[in-house]
Structures are given as C-alpha cells and as structure tokens.
Amino acid sequence: MVTRVNPPSADRTSPPAPPDAGPRPAPALSEGVRVRVLRLVYGDPRAAAELVARLTERQAAGLDPLPAEPADLAPETLRAHRHEIRELPDGTRLVLLLAAADQYPVATHAFLRAVAAARLDTRPLEAAEAAGIAHATAGGVGFRDAWTRIAAYETAAPADRRDAHRLLARVLHGAAETPRRSWHRGAGALGPSARLAAELTAAAARARAAGDPALSGALAERAAALCPDPGERSRLLAHAATDAWHRGDGDRSRALAARADADALTGILALRTGHAGEAFDALLAGAVRAAGARPAPGDPPPGRDGSTAAPVTFPVASPVTSYEPVAPHESGEAAGSAPAAPVTHLLARAAEAAVYTGDLRRCREAALVAGQSGIDPPGVLGGIAAAVDGRYEDARNLLEATAGRCGPGGDPTLLLHAGIAALMLGDHTRAATATVRAAAAARAGGVTAAVSQAMEFRAYADFWTGRPRAAEAAALDALRQAYATGQDNGACHLQAALAMFAALTGDEALCRERAAAARSYALAHSLGLPAALAQWALAFLDLGSGRFDAAAARLRALAASGPGHGHRAIRHLATPHYVEAAVRTGETRVARAAHADYDRWARAVGSADDLALSARCQALLTPGADAVEHYRTALRLHAEGTRAFERARTELLFGSALRRLRRRTEARDRLHSAMEAFESFDAPHCAESARAELRALGAPAAPTRGDRRPTVHLTAQQLLVARMAADGATNREIAARLALSPRTIDHHLRGVFTRLGIRSRIELVRLLADADGG
C-alpha cells in the first residue's frame with residue numbers, strides 16, 4: 001500500500017551548470033527534426049525552444065536520435081511543473097502519483113479500483129483542482145497537460161512509485177488485463193529478476209500478437225531492464241526497438257537499437273533514416289548470416305565486378321516500401337523453425353535499399369542469396385532482378401504474381417509490394433486498391449510507420465490517373481507522417497513527388513524549392529531515386545513551359561547520373577518526355593535509342609498506357625503525315641489505359657501536328673479536348689499551350705468555365721494554406737504545421753490572392769465562407 005510521497009533530494013536541485021554555460025544560438029533544424037521536436041514535447045512551444053537549444057549538431061541535423069526521456073527533453077519545463085506539484089499537500093500528491101502511474105506509459109484504467117482497494121481518500125484532489133493542476137473525471141483523474149502528469153510521477157520517491165505500481169497490479173485481474181498487470185509488477189520490482197523478465201517477455205509477445213506495439217514495446221523495455229542475462233537483454237531491446245518503430249517513434253527505436261546487438265535492425269533503421277548504400281550492405285550481410293548462405297567460390301557478387309550487364313532500364317515509379325523490422329523470435333515461439341521468414345524480410349529490405357540508391361544491379365546479389373537459401377525472392381525482388389538481367393518477360397510474370405496478392409485483409413507489407421508491382425506494370429487501378437488496403441491493414445495492426453508509405457503509393461496512382469488534387473493532398477499528409485515518425489528518407493522522396501505535382505500545376509517557385517530540398521538530402525544519403533525524381537520534375541516543368549533546351553539538358557544529365565545521384569527507372573519513365581524535348585531541339589539519335597528500349601519493355605508488359613506512350617514517341621520521331629497513324633494508335637491505346645494526363649499531352653501534340661499539316665477541323669477538336677483536360681487537372685501552363693496552338697490555328701479558344709467555385713482554381717496545398725490563413729493562423733504557424741518555410745507560405749498566399757483576385761485576408765475569409773456555403 002502507498003503510504004507516503006517524499007520527493008528525493010536529488011529532485012530538489014538541478015545539476016550543476018558547466019563552466020561555459022550560457023545562452024547559445026539554437027541550431028538550424030532539418031524539417032523532420034522540427035516536426036519531431038514538437039511531437040516529443042507535446043506541442044509545447046516553450047519546451048520545444050528549450051529542447052532545440054540543447055540539441056547537438058548531429059541531432060539537429062537528424063543524424064542522431066533525439067532524447068527519449070522527459071528529463072532529457074526539457075528539464076527546465078519539467079522543473080517548473082515539479083515545483084507546482086511539491087507545493088501541494090502530501091495526500092494530494094499521493095492521489096496524483098497513483099493517477100499518473102495508471103496512465104503512462106501504459107494506460108491501465110485501474111485508478112478507481114486501486115483507490116477502493118487501498119481505501120484511499122480522494123478528497124485531497126480538491127487542492128489540485130483549486131490549483132488548476134488536475135481534476136476529477138468519470139474514470140479517475142485528468143491532468144492539465146502531459147508535463148504535469150509526468151511531474152506528478154517523477155517528483156515522487158522511487159519507493160513510492162513502486163508502491164503505486166504494486167497496488168495497481170493487485171487490482172488488475174482479468175485475462176485481458178494480464179499484460180498490464182505484468183507491466184505494473186515489473187515497474188514495482190526492486191531490481192533484476194529473471195522470473196519477472198520472462199513474465200514481461202511473454203506479456204509483450206501477447207500484446208504484439210494483438211497489434212498493440214505501444215504496449216508490447218513498454219513491456220519489452222521493462223523486461224530488458226530487469227533481465228540479468230546480457231544476451232537476452234540485447235534481444236529484448238531489439239524487440240522494443242522494433243515495437244517503437246512500428247508505433248512511429250523513430251527516435252526511440254534508433255536509441256534502443258544502438259543499445260542492442262542487432263546489426264540487421266540497425267540496417268533497417270538506416271534504410272529509412274540513413275545512408276541507403278550502407279543500409280543495403282548491412283541488410284544483405286544480415287540475410288547471409290541468418291540463412292548461412294555464402295557465395296560460391298570464385299563467384300563474385302553480381303553487379304560489383306564491372307561485368308557488362310545489359311544497360312536495362314526499369315519502370316519503378318517510386319521506391320519499394322520497407323518491410324517492417326523483424327526482431328528475433330519471441331520466447332515461446334518456434335525458435336528452432338526455419339530461418340525463411342527473417343531472411344525473406346531482410347532480403348526484401350535489401351532490395352528496397354538497392355532501389356533507393358538506384359543501383360538496381362544490387363538486387364541480383366539479393367536474389368543470389370535468396371537462391372542459395374532455398375527461398376523464393378520476396379516481393380518485387382525477383383521481378384527487378386529479372387529486369388536487370390534484361391529478361392523482361394520473366395520480370396512481367398514475377399511482377400504479375402506479386403501484384404495479384406492485393407486481396408483485402410492481407411499483410412500490409414505484402415499489400416504494399418502488390419501495389420508497387422502493379423505500378424511497375426502500369427496497372428494504376430490495382431495499385432490504388434492495394435495501397436489503400438495496405439494503409440488500412442497497417443492502421444488495424446498498429447503499424448503506424450507503414451501508413452505514410454502506403455499513402456505515398458496511393459498518391460502516385462492518383463497522380464497518373466488524372467487526380468492531382470487527391471495526389472497532392474495524400475502526399476502532403478504522408479509527408480507530415482513521414483517526418484513525425486522519423487522516416488526522413490521517405491520524406492525526401494515525398495518532397496520529390498510534391499515537386500513533380502508542382503511541375504504539373506506550373507507552380508515554378510514551389511517546384512524548385514521542393515526539388516532543391518529533395519536533391520540536397522538525397523545526394524547526402526545516396527538516395528538516387530528521389531534525386532532523379534526531383535530532376536525529372538524540373539525537366540517536366542521546363543517542358544510544360546516550352547523551355548525545350550533546358551528540359552532536354554536536364555534529362556540528358558539524368559541519363560548520365562549513376563547510383564546515388566540518378567536512377568535508371570526514372571530515366572525510363574521520363575523517356576516519353578525526353579523524346580519530346582529531343583525532337584523539339586533536333587537531338588533525335590539518342591532519343592531513338594531510348595525509345596527502342598522503352599518500346600521493348602512496353603511490349604513485354606502489355607500495358608496500354610506504356611504502349612500508348614511508345615506510339616506517341618514513334619509519332620514524334622516520324623516526320624510529316626506518316627506520324628498521324630502513330631498518334632491515332634496512341635490515342636486508341638490511351639482509351640484503354642488510365643494515365644489521363646498523358647492522354648491530354650498526346651492530344652496536344654497530335655493537335656499541333658495536325659495544325660502544321662493544315663488539317664484544321666481535327667486539329668481544333670484535339671486541341672480543345674486537351675485544353676479542357678488540362679484545366680480539369682489544374683495544369684494552367686499546359687492549358688495555355690493548347691490555347692496558343694488554337695490561336696495559331698486562328699480558332700477561338702473557349703474561355704475557362706466560369707461556373708466553378710473560385711476555390712477550384714487552387715491547388716490542394718494552396719487551398720490548405722488558404723483555409724489555415726482564414727482561420728487566423730500566422731504564416732509561421734502554417735509553416736510549422738505543413739513542414740514548409742515561412743517564405744514558401746508567403747509565396748502560396750500570394751498565389752492564392754492572385755488566383756482568386758483578392759488583396760487581403762479579410763476578403764479571403766469572406767470568399768471561403770461563401771464557397772463553403774454555396
């Protein structure tokens with residue numbers, strides 16, 4: 001029974017300040033760190049400022065994990081709250097301690113039962129209510145804020161905390177409450193205990209199986225703290241790090257992984273936050289160790305020996321998503337079972353690292369290890385390896401098998417790979433279905449870290465099928481989640497994707513800012529995929545604005561960029577745009593070679609969209625009237641596909657060709673159709689190109705439809721900024737919420753005012769109110 005609340009003397013004073021203590025300038029933060037700082041301090045701006053001032057340069061840059069314990073986050077903020085708690089009567093502090101122990105880090109909802117069992121008097125809580133610190137609720141006690149709850153717990157003496165946990169453990173009886181009972185038993189322990197560690201480990205396994213990584217992680221951490229065996233302790237820390245990653249706490253996961261002897265887990269975390277090339281090496285080595293596989297004597301790793309593998313391109317629209325970290329087998333599980341599952345996951349992640357770097361030949365190494373281990377290459381690994389070897393038909397069959405695993409209720413990682421395979425095959429409808437289901441499965445299983453990745457691939461499907469507003473909104477949401485969960489590499493790719501969306505809508509300033517941010521981070525982390533995607537976005541912006549020389553130069557540079565700086569898959573996807581730019585600038589020889597490989601892939605896969613784009617390329621490369629039939633073929637194939645934006649570009653190019661051939665009636669119809677499509681996609685610069693062609697034709701361009709609400713003229717991000725501004729948020733507040741710079745928010749608002757024809761926020765408030773009520 002809890003009998004006292006005596007704060008230890010160590011809590012009464014702060015640690016001595018170092019001799020050179022004094023205010024120092026706050027370090028410049030990366031976007032991801034800024035978002036995670038606010039999350040760690042529960043959105044408290046004062047605590048955030050305190051934490052930022054205490055960060056090392058490596059922490060501020062995102063290279064090292066942020067502090068995990070409250071006392072390390074904002075000691076001055078916590079000290080002020082502790083002072084408030086100490087001013088309360090002992091009886092009040094006793095009630096608050098019990099309530100705090102019942103709520104964090106594991107919510108057990110046993111406060112009222114504990115009060116009844118110990119016959120505690122809750123009237124002293126009135127003093128806390130009078131001070132505005134806490135208040136009684138139907139379920140127990142509600143604290144003013146998270147810092148107050150933490151202070152109520154940490155101000156108490158260790159012996160009092162143990163008493164509180166033991167009391168709470170006594171009143172948790174039901175079978176469903178067993179894991180939480182074990183948690184309190186472990187928190188009430190005096191020191192290491194193999195018996196309690198085993199109980200907590202078993203409870204963590206049950207919580208993990210139930211899809212509650214927050215609970216399983218807390219139990220695993222407590223088990224590790226009580227475990228007397230160093231090897232077992234390291235294994236438990238690896239479990240806890242895995243659980244922290246699943247629930248979206250990347251900083252805690254990295255800190256725990258550093259304490260565990262788990263190279264493979266460290267490689268997995270590096271894949272999402274560190275150097276992708278180093279992550280591949282660590283993951284492949286981990287898979288080799290787990291499987292006992294070794295390359296045959298005299299058989300060098302494929303792709304590393306300078307062999308002349310076919311210079312194959314491969315259509316990967318975005319990086320393969322990471323499988324979630326897999327810790328060693330739980331106690332009580334089939335520890336002696338075959339190693340196929342962990343090897344499979346490690347190989348899948350190694351393939352993802354290869355895709356991120358752009359060194360796709362490394363997938364052959366992973367496929368070799370899979371073959372020596374007697375397992376099928378997981379996910380999209382086999383398809384990529386076949387494509388790298390130039391076996392396009394085999395690649396199609398392997399990818400089709402993976403894409404077919406997109407039924408409801410499946411494993412989120414398998415669903416994500418199904419979506420990625422579908423994107424590679426050009427099946428955007430199936431890709432959208434698989435990624436939506438992957439996000440739902442991830443949420444249901446508590447795998448927060450996988451949700452933003454699923455949303456990322458959904459954004460690609462929306463983008464290619466002519467839903468840029470939905471694509472941009474999904475990507476913005478995924479970007480915030482990626483930053484919040486410590487997935488800076490994923491955030492980099494999303495920045496590049498958003499640069500592409502800005503290029504589509506003709507927002508030049510935003511496209512350049514997003515692309516610059518993505519390339520700067522990508523080049524430092526060997527992320528060839530986002531680096532290449534950002535470069536493609538800039539080229540697409542040039543192409544849509546009629547700067548054909550600049551577009552061709554960027555795409556030539558992209559083709560010459562090696563792993564870590566470029567990506568052959570993006571080069572492949574950009575081939576239709578390169579052919580267009582090259583034809584406009586008279587550089588057709590290289591364009592023909594690029595188209596030949598693109599056509600080979602399109603014919604092997606049989607995607608209507610890829611075949612349509614190949615026919616368009618052939619039309620561009622064919623002089624005079626002979627090009628007309630190729631354009632007609634392209635439009636017929638587009639009608640069977642889903643890439644609505646590219647269909648509009650084909651109509652624009654066809655209309656322009658028809659105008660030069662003096663086929664005025666058909667040219668006018670094609671150009672009007674393209675202009676209307678571009679307007680529906682919010683691509684004003686492309687729509688203006690169609691209007692310019694119509695003016696050259698001597699035909700009147702139909703005006704933009706005027707019966708649409710004014711807000712329809714805004715991009716998804718502009719509309720989001722406009723609504724926040726109308727709600728009274730400052731530019732700095734909006735920037736903090738959207739992980740952008742205040743300068744970018746100012747640019748957005750100026751764009752909003754220009755598009756809506758207004759001059760002030762007052763007019764903005766009125767216009768949005770009218771639009772919402774209309």
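User: Exposed means over 50% relative accessible area, and buried means under 20%. Why is His-109 called exposed?

Analyst: In this predicted model, His-109 has a relative accessible area of 66%. The cut-off for exposed is over 50%, so His-109 with its 66% is classed as exposed. His-109 belongs to the loop between α6 and α7. Its phi is positive, about 55°, although His-109 is not a glycine.

User: Why does Tyr-42 count as partly exposed?

Analyst: Tyr-42 has 39% relative accessibility. Buried requires under 20% and exposed requires over 50%, with partly exposed in between; 39% therefore makes Tyr-42 partly exposed. Tyr-42 is placed in the loop between α1 (31-40) and α2 (45-54). Tyr-42 has a positive phi as well, of about 60°, and is not a glycine.

User: What joins Tyr-104 and Pro-105, and where is Pro-105 placed?

Analyst: The bond between Tyr-104 and Pro-105 is a cis peptide bond, with omega at about 5°. Pro-105 is in the loop between α6 (90-103) and α7.

User: Why are α7 and α10 described as roughly perpendicular to each other?

Analyst: The axes of α7 (residues 111-118) and α10 (residues 158-170) cross at roughly 100° and come within 9 Å. Angles of 65 to 115 degrees count as roughly perpendicular, and α7 and α10 are therefore given that description.

User: Which residues of α7 and α10 meet, and how many of them are nonpolar, polar or charged by class?

Analyst: From α7 come Phe-111, Ala-114, Ala-117 and Ala-118, which meet Leu-167, Leu-168 and Arg-170 of α10. By class this contact has 6 nonpolar residues, no polar residues and 1 charged residue. Arg counts as charged, whereas Phe, Ala and Leu count as nonpolar.

User: What makes a set of residues a nonpolar core, and how many residues has the largest one?

Analyst: Such a set consists of buried residues of the types Ala, Val, Leu, Ile, Met, Phe, Trp, Tyr and Cys, joined through side-chain atoms within 4.5 Å. The largest nonpolar core has 143 residues, and Leu-347, Trp-536 and Phe-678 are those with the most contacts inside it. Helix α26 (residues 488-505) gives the most to this core, namely 12 residues. A second, separate core has 45 residues, among them Leu-73, Leu-94, Ala-134 and Val-141. In soluble globular proteins, nonpolar side chains tend to be buried together.

User: With which residues is Leu-347 in contact?

Analyst: Beyond its neighbours within four places in sequence, Leu-347 contacts Leu-284, Ala-287, Ala-366, Val-369, Ala-370, Ile-375, Pro-378 and Leu-381.

User: Why are Glu-646 and His-595 called buried?

Analyst: Glu-646 has 4% relative accessibility and His-595 has a relative accessible area of 7%. The limit for buried is under 20%, so Glu-646 is buried, and so is His-595. Glu-646 lies in helix α35 (residues 644-660). Setting aside residues up to four places away in sequence, Glu-646 touches Trp-464, His-577, Leu-613, Arg-616 and His-638. His-595 lies in helix α32 (residues 588-605). With neighbours within four places in sequence left aside, its contacts are Thr-575, Val-579, Ser-614, Cys-617, Gln-618 and Leu-621.

User: Why are Ala-127 and Glu-666 called partly exposed?

Analyst: The relative accessible area is 28% for Ala-127 and 22% for Glu-666. Ala-127 is part of helix α8 (residues 125-130). Residues up to four places away in sequence not being counted, Ala-127 touches Leu-88, Pro-89 and Thr-92. Glu-666 is part of helix α36 (residues 664-680). Under that exclusion of residues up to four places away, Glu-666 touches Arg-632, Phe-654 and Leu-658. Glu-666 and Phe-654 are 12 residues apart in sequence and 9.5 Å apart from C-alpha to C-alpha.

User: How many disulfides does a search of the whole structure find?

Analyst: The search finds 0 disulfides. A disulfide would require a pair of cysteine sulfur atoms within 2.5 Å. Cys-227, at 7% relative accessibility, counts as buried, and Cys-492, at 4%, counts as buried too.

How values were computed: Residues numbered from 1 in each chain as written. Predicted model: local features only at pLDDT ≥ 70, side-chain atom pairs only at ≥ 80, totals over all residues. Heavy atoms only, no water. Buried < 20%, exposed > 50% of the residue type's maximum accessible area, 1.4 Å probe, protein only. Helix = DSSP H or I, 4+ residues; strand = E, 2+ residues; numbered from the N terminus. Contact = heavy atoms within 4.5 Å. Axes fitted to C-alpha atoms, helices over the stretch in contact; angles between N-to-C directions. Parallel < 35°, antiparallel > 145°, perpendicular 65-115°, else oblique.
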